[in-house]
Amino acid sequence: RSPSAGVSRRRGMAEAEAAGGAGEAPAEGGAELTAVIGATVPTGFELTAAEEVQEKLGSASRISRDRGKIYFEVPARGLPQVHRLRSVDNLFVVVQEFKDYQFKENKEDALKDLEDLVKKLPWTDPLKVWELNNSLKKKKTKRKKHNLQSTASKEKLNEDGQGEGTDQKDASKQEGCAQNAAGVEPASGQDTEKTQGVASRNGEEEEEEDNEQADAKDELQAGSGSETKAGDSKTSEGEAKVLKFRVTCNRAGDKHSFTSNEAARDFGGAVQEHFQWKADMTNFDVEVLLNIHNNEVVVGIALTEESLHRRNITHFGPTTLRSTLAYGMLRLCDPQPTDIIVDPMCGTGAIPIEGATEWPSCYHIAGDNNPQAVKRAANNICSLLKKNENKESSTSLGIPLDIIQWDICNLPLRTGSVDIIVTDMPFGKRIGSKKKNWDLYPACLMEMGRICTPGTGRAALLTQDKKCFAKALSRMGHIWRKGQTVWVNVGGLHAAVYLLKRTWERAEEKRSFW
């Protein structure tokens with residue numbers, strides 16, 4: 001069990017407690033409702049995610065033996081902060097965990113045991129957490145709709161000729177975001193989790209946080225009385241809406257006599273019988289998770305409908321990097337205020353956009369040699385600016401981020417002027433080729449070495465072409481020293497993030513041609 005949460009909760013929560021929030025939320029027996037949350041994270045970045053949870057929620061995490069998962073305990077009213085974590089893909093509340101589950105060798109017996117398990121599981125609190133999570137999502141969507149309506153009415157005012165100055169600005173903004181028709185709204189309902197803002201730490205963001213904190217507390221105090229209780233089949237007004245559910249089984253290990261489909265089918269049958277819910281594979285309210293990894297079994301209820309990693313990008317390219325992976329790579333470099341951070345091969349801009357959102361006191365420069373990629377990245381930045389405008393703030397600060405079309409081997413930047421380089425290098429699969437990488441990689445490392453500050457500069461570089469990278473690095477040993485390597489899975493490909501430190505060696509200056 002991970003230690004109980006609450007060591008150094010963020011200020012928002014401290015304020016809630018100061019206002020009398022501590023211990024007010026009634027669960028059975030007067031104790032505060034807490035939840036063990038499971039989070040899937042990019043494989044290889046479990047420690048990074050655990051550090052973020054400790055830093056932002058004050059909870060210690062336990063890293064699962066099943067790669068790509070961490071577990072931590074939080075008070076249920078801390079759910080809004082959990083959804084704001086940058087390093088997690090999907091979230092679920094743990095119903096129960098079995099460290100060493102003994103599966104019967106016979107298939108029928110093993111499946112029968114899983115069916116019998118359903119009746120013995122402690123569903124009550126996890127379902128309360130699921131209900132609270134749902135009601136927060138609904139409030140968030142309502143608030144978002146309200147924001148969109150208020151911006152629409154503001155625009156209408158402008159059209160009526162009241163406030164032409166702002167109209168002018170709008171027109172120039174429209175031009176800047178020419179390709180951006182599709183990008184006004186986040187990709188999905190779950191993405192209504194706010195990207196933590198361009199002016200990320202400003203007062204309006206705090207108000208948003210307080211709203212959510214209050215929502216979470218109100219919901220707990222109301223005991224979700226008006227909501228359909230997940231475990232009930234009736235409410236005071238007669239028949240309740242019957243919940244629809246599905247079971248998803250993720251299984252790893254070769255010692256099981258059954259397939260994941262068989263486990264999901266039989267476990268699902270027992271869930272249906274136990275709760276009288278209705279099975280529906282596509283249009284479900286509740287997703288029950290059955291995670292089996294060798295002898296470790298975890299039963300959970302999903303809290304996210306779609307991965308949180310889709311938060312920033314509206315215009316996808318052929319190889320768009322997940323925001324969660326981008327966050328992990330940036331965090332490895334430990335950005336400090338006023339650092340200049342460059343992504344010389346930015347593609348659709350996942351890394352610099354994540355960087356500017358989470359580290360607004362650094363300056364982010366992104367570039368690519370492909371005009372199409374630069375255009376997509378610019379559209380993604382426009383979408384982010386629009387999203388921030390919709391947050392009812394009167395002043396919309398920009399983002400500390402610029403995007404440029406350039407040649408990676410001939411960057412228009414001064415020697416030694418950059419603190420951090422974070423980039424996703426071409427794998428040679430969908431973009432470029434392995435053959436081209438043999439020339440490209442050494443040239444890239446050389447040019448990156450030139451612009452990076454000797455002694456303190458660092459780089460996090462992601463590639464799947466490990467052989468080629470190792471060879472290029474061995475030739476650049478005087479400029480770059482290899483630190484840690486994080487093995488990651490990128491769309492099924494076994495890749496690596498190399499953390500490099502810049503040596504004190506002076507790089508060759510670019511000679512002027514005139």
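Trainee: Which residue in β14 is the bridge partner of V342?

Mentor: In β14, that partner is I421. Before we go on: this is a predicted model, where local features need pLDDT of at least 70, side-chain atom pairs count only at pLDDT 80 or more, and totals for chains, interfaces and linings use all residues. Residues are numbered from 1 along each chain as its sequence is written, and side-chain values use heavy atoms, leaving out hydrogens and water.

Trainee: What makes β11 and β14 a pair?

Mentor: Two strands pair if DSSP finds at least two bridges between them. Strand β11 (residues 340–343) and β14 have 2 bridges, in the parallel sense, so they meet that definition.

Trainee: How many bridges join β14 to β15?

Mentor: There are 5, and the two strands run parallel. One of the partners in β15 is L462, which bridges to D424.

Trainee: Why is β14 called largely enclosed?

Mentor: Buried means under 20% relative accessible area, exposed over 50%, and partly exposed in between (1.4 Å probe, protein chains only). In β14 (residues 420–424), 5 of the 5 residues are buried, so the rest of the structure largely encloses this strand. I420, V422 and D424 point one way and I421 and T423 the other.

Technical notes: Helices (H or I, at least four residues) and strands (E, at least two) are DSSP runs, numbered from the N terminus.
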